[in-house]
Amino acid sequence: MSSSASETPAITPRQTMRGHTKELRHVVHLPGGRQIITCSSDGSLRLWDLKSGTQIGEDWRDENLGVWCMALSPNGEIVASGCSDGKVILWGVETRKVISKWTGHTDVVWALCWSADGERVASGSWDGTARVWDVKTGKNILTIKTRHTWVYAVTYSPDSSKFATGG
C-alpha cells in the first residue's frame with residue numbers, strides 16, 4: 001500500500017486560545033483532558049478550558065520577566081516553570097499560587113523534567129548546567145557542569161535512576 005501527501009488527512013484546530021502578549025513557550029495537558037496550561041515569554045502561565053477555548057481565571061504571574069518552559073508533576077498537582085531570570089518556580093495547580101522558588105541557575109531555565117515519583121525536578125539552563133532539585137526541601141542536590149554551552153533538554157529515565165541532557 002502506497003501513501004502520498006495528498007492522502008494525508010488535514011487536522012483542523014478545534015480552538016484558538018488568545019491572550020498571551022509574547023511567544024507561547026510551552027503547553028501541558030491536565031489530567032481529565034479538559035484543561036491545559038500555557039506559559040509565555042510575557043511572564044505568565046494561563047489555565048484554559050479546552051471545550052470553550054476561554055481562559056479560566058487570571059494569569060498566574062510572579063516577578064519574573066518570562067517563562068520559557070514548564071513541566072507538570074506526575075500527580076498533576078504542581079507545575080514547575082523555568083524563568084528567564086534563572087529561577088525555577090513551583091505552582092499549585094488548584095490554587096494557582098507560587099509554592100516555592102528555587103535559585104541557582106545564572107541564566108534562562110530552558111528545560112524541566114520531573115522524576116517518575118515526583119520527588120525530584122531536573123532543570124537545564126543557558127548557563128550550561130543541569131541541576132537536580134529535591135521537591136520537598138527545595139534544595140539543589142546535584143549540579144552538573146555539562147559540556148553544552150546551553151542546556152536545551154533534560155529528561156529522566158523511566159525508573160528515574162538516570163537523566164540525560166541535550167545542548
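Guide: First, a definition: two strands pair if DSSP finds at least two bridges between them. Strands themselves are DSSP runs of E with at least two residues, numbered from the N terminus, whereas helices are runs of H or I with at least four. The model is predicted, so local features need pLDDT of at least 70 and side-chain atom pairs count only at pLDDT 80 or more, while totals for chains, interfaces and linings use all residues. Residues are numbered from 1 along each chain as its sequence is written, and side-chain values use heavy atoms, with hydrogens and water left out.

Visitor: In S3, what is the bridge partner of threonine 38?

Guide: Strand S2 covers residues 35-40 and pairs with S3 in the antiparallel sense over five bridges. The two form a hairpin with three residues between them, and glycine 43 in the turn has a positive phi of about 95 degrees. Within S3, the partner of threonine 38 is arginine 46.

Visitor: What is the order of the strands in the open sheet of four strands?

Guide: The edge strands are S1 (24-29) and S4 (55-61), each pairing on one side only. The pairing in this open sheet is antiparallel, and the order is S1-S2-S3-S4.

Visitor: Which residue in S4 is the bridge partner of leucine 47?

Guide: Strand S3 (residues 44-49) pairs with S4 in the antiparallel sense over four bridges. Serine 44 stands opposite arginine 61 in S4. For leucine 47, the bridge partner in S4 is isoleucine 56.

Visitor: How many of the six residues of S3 are buried?

Guide: Buried means under 20% relative accessible area, exposed means over 50%, and partly exposed lies in between (1.4 Å probe, protein chains only). Arginine 46 is buried by this rule, because its relative accessible area is 6%. S3 is largely enclosed by the rest of the structure, because the number of its six residues that are buried is five.

Visitor: Which side chain meets arginine 46 in a salt bridge?

Guide: A salt bridge is a side-chain nitrogen of Lys or Arg within 4 Å of a carboxyl oxygen of Asp or Glu. The N to O distance in this pair is 3.0 Å, and the partner is aspartate 59. The pair links distant parts of the chain, strand S4 and strand S3, 13 residues apart. A network of salt bridges links Asp42, Arg46 and Arg61 with Asp59.

Visitor: With which residue does lysine 101 form a salt bridge?

Guide: Lysine 101 is partly exposed, with a relative accessible area of 38%. The closest N and O atoms are 3.0 Å apart, and the partner of lysine 101 is aspartate 62.

Visitor: Is aspartate 134 buried or exposed?

Guide: Aspartate 134 is found in strand S11 (residues 129-134). Contact means heavy atoms within 4.5 Å, and aspartate 134 touches Trp102, Glu119, Arg120, Lys139 and Ile141, not counting residues up to four places away in sequence. Because its relative accessible area is 14%, aspartate 134 is buried.

Visitor: How many salt bridges does the count come to?

Guide: Another pair is aspartate 85 and lysine 87, with the closest N and O atoms 3.1 Å apart. Aspartate 85 is partly exposed, at 31%, whereas lysine 87 is buried, at 18%. By the rule above, the number of salt bridges is seven.
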